[in-house]
Amino acid sequence: MAEQKQQFKTSSKRKGSGITRKCASLIKEQRARIYIIRRCATTLLCWSFQGDD
């Protein structure tokens with residue numbers, strides 16, 4: 001019985017860390033996408049201001 005409880009505790013920790021890892025990777029991916037979009041928008045704005053000459 002004690003072995004089953006110990007196995008349950010370790011397996012639940014693995015599941016929790018897996019979910020945490022997935023969330024962290026999704027957040028990291030979204031941050032990278034937002035960074036790229038922001039850089040592109042800045043570049044386009046700078047080019048449009050330079051084109052007004």
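Which residue forms a salt bridge with arginine 33? In this predicted model, the partner is glutamate 29. The closest N and O atoms of the pair are 2.9 Å apart. The count for the structure comes to 1 salt bridge.

The protein chain has 1 helix and 0 strands. Helix α1 covers residues 2-50. Both arginine 33 and glutamate 29 belong to helix α1. The two residues are 4 apart in the chain, so about one helical turn separates them. Arginine 33 is partly exposed, with a relative accessible area of 46%. Glutamate 29 is also partly exposed, at 37% relative accessibility.

The surface of the chain was examined next. The protein chain contains 53 residues, and buried residues make up 2% of them.

A search of the whole structure finds 0 disulfides. A disulfide would require a pair of cysteine sulfur atoms within 2.5 Å. Cysteine 23 has a relative accessible area of 40% and is therefore partly exposed. Cysteine 46 also counts as partly exposed, because its relative accessibility is 41%.

How values were computed: Residues are numbered from 1 along each chain as its sequence is written. This is a predicted model: local features need pLDDT of at least 70, side-chain atom pairs count only at pLDDT 80 or more; totals for chains, interfaces and linings use all residues. Side-chain values use heavy atoms; hydrogens and water are left out. Buried means under 20% relative accessible area, exposed over 50%, partly exposed in between (1.4 Å probe, protein chains only). A salt bridge is a side-chain nitrogen of Lys or Arg within 4 Å of a carboxyl oxygen of Asp or Glu.
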